[in-house]
Amino acid sequence: MTLFEKYPVSITNSLSGKKELFTPLKSPFVGLYSCGPTVYNEVHLGNLRTFTAFDVVYRYLTHIGYKVRYVRNITDAGHLTNDAGEGVDRIEESAKLEQLEPMEIVQKYTFSFHEVCRIFNILPPSIEPTATGHIVEQIEMVKKILANGYAYEVNGSVYFDVRKFMEKYKYGELSGRNIDELLEGTRELDRQDEKRHAVDFAIWKAVSPNHIQRWPSPWGEGIPGWHLECSAMGTKYLGEQFDIHGGGMDLKFPHHECEIAQSIGAYGKAPVRYWMHANMLTVNGEKMSKSKGNSFLPRELFTGSHPLLAKAYSPMAVRFFMLQSHYSSTLDFSNEALQAAEKGYKKLSNALGTIKKLDHPGGAGKQDEELLKLIDEAYRNMSDDFNTAKTLAVLFEMSSRINDIKSGNYRLTDLDADAFQKFKSAYITFMEDVLGLQEEGSQNQELLDGVIRVMIELRKKARTDRNYALSDKIRDDLKALGVQLMDGKDGEISYTIE
Ligand code: AMP
Ligand code: ZN
């Protein structure tokens with residue numbers, strides 16, 4: 001019996017608003033898509049909350065035995081400041097501001113996003129497609145929608161025809177918006193407007209020749225619509241219909257609503273079976289966002305350089321802070337909350353360090369039902385709509401037991417060796433693999449190892465260059481710091497730290 005059979009997963013599906021039993025289309029395979037960043041500036045902590053939420057979904061589904069293909073895209077073209085496909089192009093705007101080429105902006109912020117993910121222990125997805133790498137697929141999809149009669153072309157731009165679509169299908173189901181309300185709520189179209197109805201949205205947008213990012217298409221030179229990118233990339237790698245699609249709550253409308261309409265418009269079927277939305281990270285109750293000026297960058301957190309921060313916080317303490325609430329609740333960011341999270345994380349991390357070093361002397365003792373029940377509870381909580389908050393509560397219970405063992409209050413010899421092994425491996429697995437919480441200091445250890453390896457390489461180079469003065473200096477200076485280099489037989493150099 002696999003873990004996913006033993007602990008069936010339920011997911012709150014934003015489409016129905018209800019918690020539903022998760023049954024993948026082709027179990028044990030699971031297709032998971034989550035909207036990635038628009039790489040026009042640095043991601044802030046709000047963005048990271050959403051990426052962390054889906055990182056945990058990916059980690060847990062994989063842990064319980066599903067074969068997950070996780071696609072998280074990079075939006076590197078076509079995202080305009082207005083979600084309806086109007087306004088200024090975000091990447092072009094940043095390129096102008098920073099006096100760089102759009103693709104330099106894309107490269108710079110993709111790199112910085114990856115770096116932040118690494119620091120936060122957010123796993124790389126199985127596929128990370130870019131919009132600029134899938135222009136052909138997007139053009140093909142626009143053609144299909146046009147051929148099916150759900151779009152129209154005006155002056156080189158192609159718009160999705162929401163009214164026409166609604167003659168046959170529903171629009172607004174995911175976000176629960178009533179289209180008549182939407183029509184009333186939106187401004188009147190002025191005469192120059194190319195759209196037939198205010199709710200229509202661009203799936204291909206003509207741009208002028210001075211727009212640097214532009215591609216040829218059957219309708220002239222232009223850029224893909226932002227909503228279309230996700231539809232085209234999701235379909236390409238996960239199929240016309242796949243299991244889970246995630247993103248932040250703010251993307252429900254219009255982004256995800258448009259994705260549904262586009263896929264139905266092109267292929268006649270709803271693209272996603274379970275829609276999941278992570279709630280917002282807030283500051284004093286307000287959504288954290290770059291435009292509101294209330295955003296915190298990861299770098300500012302780790303260095304404590306933001307004026308509103310009392311001190312620096314470690315990446316794992318911040319990750320713990322995010323996991324302390326269920327992904328579907330809002331989470332408010334404050335110094336107090338971070339300080340509390342830091343304490344909580346340290347407790348769990350200390351217990352992790354302790355249990356890794358603990359070994360059972362062997363032998364059959366009693367089967368402590370209570371300890372085994374804790375493992376069971378951790379699985380039940382995670383399978384219950386990925387409830388990380390409740391899972392952390394179980395890990396706290398477990399960490400108290402670990403401390404009891406350490407202090408001798410609970411003798412290992414009283415416990416069955418097998419039961420202890422199960423308990424030990426469950427604690428380590430839930431901390432590291434499922435929640436992605438590394439032991440405090442282990443990241444510094446990796447960094448230190450990397451730096452020493454660089455020094456060893458430099459020393460090798462100095463030797464081949466016959467610069468013995470430099471190679472000796474590197475060896476002696478490292479030695480003074482307590483790092484002893486040792487020459488191996490095959491020319492490999494290893495080291496020990498005193
Ligand atoms: P963007 O790069 O703006 O497309 O955003 C990337 C992801 O971050 C999307 O899934 C957004 O929904 C999400 N996001 C943006 N702001 C917040 C926030 N304050 N809290 C949680 N998620 C957010
Ligand atoms: Zn998307």
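Predicted model: local features only at pLDDT ≥ 70, side-chain atom pairs only at ≥ 80, totals over all residues.
1. Let me start at a loop. D385 sits between α13 (369–383) and α14 (388–407). Its phi is positive, about 55°, although D385 is not a glycine. D385 is also buried, with a relative accessible area of 3%.

2. R466 has a positive phi of about 60° and is not a glycine either. You'll find R466 in the loop between α16 (442–464) and α17 (468–480). Is R466 buried or exposed? With a relative accessible area of 64%, R466 is exposed, whereas D385, at 3%, is buried. For background, most residues other than glycine have a negative phi, and most peptide bonds are trans.

3. On the subject of peptide bonds, two cis ones are worth a look. S27 and P28 are joined by a cis bond with omega of about 10°, and P28 belongs to the loop between β2 (18–21) and β3. F253 and P254 are also joined by a cis bond, with omega of about 0°. In this case the proline, P254, is found in helix α9.

4. C35 counts as buried because its relative accessibility is 7%, below the 20% cut-off. H255 counts as buried too, at 1% relative accessibility.

5. Next, the other ligand. Ligand 1 is surrounded by 16 residues, and the closest are G46, T50, D250, L281 and M288. The side chain of D250 has an N or O atom 2.4 Å from an oxygen atom of ligand 1. With M288 it is the backbone that takes part: one of its N or O atoms lies 2.8 Å from a nitrogen atom of the ligand.

6. Now the overall layout. The protein is divided into domain 1 (3–278), domain 2 (282–434) and domain 3 (441–497). The centres of domain 2 and domain 3, taken over C-alpha atoms, are 36 Å apart. The C-alpha trace spans about 80 × 65 × 45 Å along its principal axes, and the secondary structure comes to 17 helices and 17 strands. Of the 498 residues, 52% are buried. Among contacts between residues at least 6 apart in sequence, 74% join residues at least 24 apart.

7. What about the packing inside? In soluble globular proteins, nonpolar side chains tend to be buried together. The largest nonpolar core here has 91 residues, and L45, L61, F333, F386 and Y427 have the most contacts inside it. Helix α2 (residues 45–63) gives the largest share, ten residues. Where does this core lie relative to domain 1 and domain 2? Both domain 1 (3–278) and domain 2 (282–434) give residues to it, so the core lies between them. A second, separate core has 45 residues, including A77, V162, A232 and L238.

8. Which residues does F386 touch, leaving aside its neighbours within four places in sequence? The contacts are V9, I11, V57, Y60, L61, M276, H326, Y327 and N381. One of them, L61, is itself listed with F386 among the residues with the most contacts inside the largest core.

9. Last, a residue in helix α4 (residues 102–119), namely M103. M103 counts as partly exposed because its relative accessibility is 44%, which falls between the 20% and 50% cut-offs. Beyond its neighbours within four places in sequence, M103 is in contact with D76, T132 and Q213. For a sense of scale, M103 and N403 are 300 residues apart along the chain, and their C-alpha atoms are separated by 52 Å.

Note on methods:
Residues numbered from 1 in each chain as written. Chains lettered and ligands numbered in written order. Heavy atoms only, no water. Core = buried A, V, L, I, M, F, W, Y, C linked by side-chain atoms within 4.5 Å. Buried < 20%, exposed > 50% of the residue type's maximum accessible area, 1.4 Å probe, protein only. Helix = DSSP H or I, 4+ residues; strand = E, 2+ residues; numbered from the N terminus. Domains from an automatic or database assignment. Contact = heavy atoms within 4.5 Å. Near = heavy atom within 4 Å. Polar contact = N/O pair within 3.5 Å; in protein donor to acceptor, adjacent residues only side chain to side chain.
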